[in-house]
Structures are given as C-alpha cells and as structure tokens.
Amino acid sequence: PGRVAFLFRPGEAARPSPAWTRAWRLVPRRGPPPASVAVTGLRAWLACPFRFYLQQVRRLEPVEPAKTELDARDFGTLCHAALEAMAREPALRSCTDEKLLRDFLLGELERVARERFGAQLTLPLVVQLESARQRLTRAAAVQARAQAEGWIIERVEWPFTLDLGGLEVRGKIDRVDRHAGTGVWRVLDYKTSDTAVPPPKSHLRPRRLGDEQRPGWMGVTVGGREQIWADLQLPLYLRALAGEATGATSLECGYFNLPKAAGETAIAPWPELTGDLLAAAGACAEGVAAAIRAGAFWPPAEMPADRDPF
C-alpha cells in the first residue's frame, strides 16, 4: 500500500514542457569535397546534403549480415545483365522476333543466376527469379515492337564524364537507340522498381514546406506549378550524348520500365525535356556541383526512419 500511495501521490505543480530538441548533435570530422561523383551523387545531394557527405565523402554505408534475398539494387543488376547481353548481341540489335528475344533474355537470366547463386536456390530467390522471368518476357515484346518501329540499338552501357565547374561527373547510359527513318537518337534507362514511374515524376517533386530555404536554382515552374528538382539523371545523359550523336536530327530520352506488374512494361518517353526545362536542369546541375565543390553539406533533411540507413 505504501508503494502504491507513493506512485499515485498528488502531482507537483505543473511546469510547461520544454520544446523538443535533439539530445545531441553530430559534429563529424570534415573531409575535403570529392573531385568527382557519379550522376546519382547529384540526386543524393538534392535529397540531403548531409547524407551525401556521409555516403560520398566519409564512405559510410549500411551492412546487411543477415541478407537472405535480393534487394532492389541486386534485382535490377540481374535484369540489367540479361538486357545488356541482348543489346550487345549483333544479331539481336535490330531483331523483331519476340520469341527469339524472349528465349535469349530468359536463357541469359538463367545463366547469370546460376553463376552468381548456384543451382540450389532459396525460396525467396526462386520467387524473385520468377518475377524477373515475367518482366523480361514482357520486355521482349516491347523490344520487338520498338525495333519494328525502326529503333536500332547503337550503344550499350556507354560511359561518359562531364565537367561541371571543376567537378567531374561520371555516368553510364544503359542504352542509346537510333531511329533508322528519322535520325533521332534516344537515351533509355532501365528501371526495375516495383511500380512504373514516368520520368517527370522521378525527376521533379512538388514544392514543400522548408523549400523556401533551398537555393533558387533548385526550383522550376512546370505547367504553372512550382517544382523542385529531385534528380538530374536524364538531363545529364542528354548533355553527354549531345556531343557524341553526330548526325542526329534530335535527342530524346526516357525510361524502359520493367515493373512488378509485367503488363505495365513499356518505354516511357519524356518529350517535354527540351528548351527551358532542359536549361533549368542544367542550371540546377551546375548549382549542385558548385555546392559540392564548396563543401556545402548542411543542413540535413528530415526523412522517415524506415527509409534512412543513418
């Protein structure tokens, strides 16, 4: 009874609760800014300058000792390997036979899977490989149709470098196609995320609270709405290709989406990425490069804990 009386004794005079603050602040050792970054590094800086610093400068990354299945990156790499092999095969670069393309893709998938994981697969890998088969089967149909329309594969896994204000930006384009009739060149980036995302949605996001503190070059007006650049991958791909596609009448870009719903597999172009929008992307890329060279890695952005390895 005495213990209960103590625990439930009348409360003391109430005091106002203090405002929430962080219990401690991380003060990392500052390293020199990187001299070169991958194209995806610019996306990382746009998402959070401080996490960019942790990943790109301090080289911190999560460790998964109990990993039992493919993560999104592993799955994409597996599908990419089959698609790359198809694009490198001279006899298939202009092939319109869906069955021939499908058989090659599935055969290459099996070869790569056996080479990397062996003959005895765990149940999660069996399920994931079946998903890859379904996506590649549908990709064969999309590829056959594209080549019947006159698109010919010109380059595969094409590496490039760009100089942005003294910062070297490296990249590798999954595929470059050329249209035999019109002379248009097209950059394609394979995407194996569960949901098919159109290029504008992955490169631009709506303005949010707090974005007023962001540099002005991160914003752009599209269709009368204020947007913020979230990725610069395809605009930089076009910049890199512009100096290489001699004889091209024009340049286009898009995603080759291979989502979980195989029926939604399709080439998603971004025809609006021209003129002022492309120039705005270039200005944003130059701004990010200057910030990285200046060591501007603060403040951190708030992110949901379940998506944040840090």
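Me: Hi! Which residues have the most contacts inside the largest nonpolar core?
Reply: Those are W45, W229, L232 and L236, in a core of 50 residues. A nonpolar core here is a set of buried Ala, Val, Leu, Ile, Met, Phe, Trp, Tyr and Cys residues joined through side-chain atoms within 4.5 Å. Buried means under 20% relative accessible area, exposed over 50%, and partly exposed in between (1.4 Å probe, protein chains only).

Me: Which helix gives the largest share of this core?
Reply: Helix α9 (residues 275-293), with 9 residues. Helices are DSSP runs of H or I, at least four residues, numbered from the N terminus.

Me: What about a second core?
Reply: There is a separate one of 30 residues, which includes F75, A87, V112 and L125.

Me: Where do these values come from?
Reply: This is a predicted model, where local features need pLDDT of at least 70 and side-chain atom pairs count only at pLDDT 80 or more, while totals for chains, interfaces and linings use all residues. Residues are numbered from 1 along each chain as its sequence is written, and side-chain values use heavy atoms, leaving out hydrogens and water.

Me: New topic: where is A146?
Reply: A146 sits in helix α6 (residues 123-148).

Me: Is A146 buried or exposed?
Reply: A146 counts as buried because its relative accessibility is 4%.

Me: And which residues does A146 touch, not counting residues up to four places away in sequence?
Reply: W151, R186 and I267; contact means heavy atoms within 4.5 Å.

Me: How far apart are A146 and T96 in space?
Reply: They are 8.2 Å apart, C-alpha to C-alpha, and 50 residues apart in sequence.

Notes. Helix = DSSP H or I, 4+ residues; strand = E, 2+ residues; numbered from the N terminus.
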